Amino acid sequence: MDFDLFWSSLGPMLLGALKGTIPLTLASFVLGLLIALVIAVMRISSNKVASGVGRIYVSIIRGTPLLVQLFVIFYGLPAVGVKLDPWPSAIIAFSLNVGGYAAEIIRAAILSVPRGQWEAGHMIGMSRNQTLLRIILPQAARVSVPPLSNTFISLVKDTSLASLILVTELFRVAQQVAAFSQEFMLLYLEAALIYWVICLILSTAQTRVEKRLDRYVAH
Amino acid sequence: MSPTDAVLQVRGLGKSFGSNTVLRGIDLDIPRGKVVALIGPSGSGKTTILRSLNGLETPDGGSVTVGARDNSAEGPLTVDFGDAALPKKARAAQLSALRDRSAMVFQHYNLFPHMTVLQNVIEGPVQVQKRPRAEVVAEAEKLLDRVGLLEKKDAYPFELSGGQQQRVGIVRALALKPQLLLFDEPTSALDPELVDDVLAVIKELADEGWTMVIVTHELAFARQTADEVVFMADGLVVERGPASQVLRHPKEERTQAFVRRLLHEI
């Protein structure tokens, strides 16, 4: 093992994580959650058009590979006159993808809140939207943290696909150094190690959030 | 009875779920300050009436009129359910107006588990009625004190016994300052030793002059508290009258059988 190369490449790779992987993950996850919330509310709507559109969206996102979605946006859209840079393409593709998966998680969480909670919200005079926002979603949040954390952690790793559309993130840095030094095993293991550490940190954060949201539940 | 002193008038209320008819034209009049107990076997439609009064069910026919608040300029509110062609939005607005005048205490309490006791009580007055928070909190604390739960105001519902949760449920309803209090089997989910505390609170409210409709299986409680008892079966009112008469000397055979069975169970 070439430990000099390990240490000398660690800096650029961490920089790739810091300037590429992490902001890409955060931006895509936040936007993805917003999309997911809208799609989840459409899915539970009594309006057939809204719920139908929501269902088709989820079906397309879950039924096609993320890499293909990424390529359609970056390499495909220019054919119809929409030319996007690597970063916006990546953020759009990843948020749309997270939106599809998280929508199902949020929908299930909303449906898991007992009907009596909707009724109590209406009883104190709240509209449907008020009840959803103040009574149902806070309770659904607790249920959806574990599965949403999984989506988040998957996203961290999926952002490595962005290297294929030229976004300078952790894995692309690893590829560049590897191509130059021909030390594939070392550099790809090093990249794997960094992904693993990021995910470990996230799992710890997940446990904390879950504890905090559990404060009003009997143990 | 003139419409002004009736807090609640129900006319010809009907409701079916698919082919199952649960209400077959119910009439009900409740003067201000009176307490009506709805009794009858399960499936007789008692709870459906209550839920219709709070807009949680939409009846297929008939009308509900709820009187105005004291000293308020607004008149009585009538919702006519016979008009099936009414647009969804307009119907939702009617149901919401109906809810504004009544408050319900649920069988399973339905407290908001993510809010403290105090937050549960002030949520409606502050968020919906947009009343000043400080004023609402002061009122809420006074009400909680009355039911002996002031020191629990920062507790979450899961930290309370069923009886305590139900008393919070009652306070949450009172804080809305409704014209009409609706109780849906308020003690039937409670352990027997917790029932009396809750019934005592309801009895106090009756003595104070609240207008109330109570669905209950507690016949002794109904006899002490209700001005009128309405016995229902199969979506119809079988017998109604003063509590002592209906419960002690029922005229109808079905009422006699029901009362006898419940008394013997005890």
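Hi everyone, let's start with chain A: of its contacts with a separation of 6 or more, 76% join residues 24 or more positions apart. Contact here means that two C-beta atoms, placed from the backbone, lie within 7 Å. This is a predicted model, where local features need pLDDT of at least 70, side-chain atom pairs count only at pLDDT 80 or more, and totals for chains, interfaces and linings use all residues. Residues are numbered from 1 along each chain as its sequence is written, while chains are lettered from A and ligands numbered from 1 in the order in which they are written.

Chain A has eight helices and zero strands, with helices being DSSP runs of H or I of at least four residues, strands runs of E of at least two, both numbered from the N terminus.

Now, the contact between the chains. It takes 17 residues from chain A and 21 residues from chain B. On the chain A side, helix 5 (115–123) and helix 6 (128–158) each supply at least two residues, and helix 5 gives the most, with six.

Over to chain B, please. Helix 5 (residues 162–175) and helix 6 (residues 192–208) pack at an angle of about 15°, their axes 9 Å apart; axes are lines fitted to C-alpha atoms over the stretch in contact, and angles run from 0 to 180 degrees between N-to-C directions. That angle makes these two helices of chain B roughly parallel, a label for angles under 35 degrees. Among the residues that meet are B:Arg167 and B:Ile170 in helix 5 of chain B, and B:Asp197 and B:Val201 in helix 6 of chain B. Thanks, all!

Methods:
Parallel < 35°, antiparallel > 145°, perpendicular 65-115°, else oblique.
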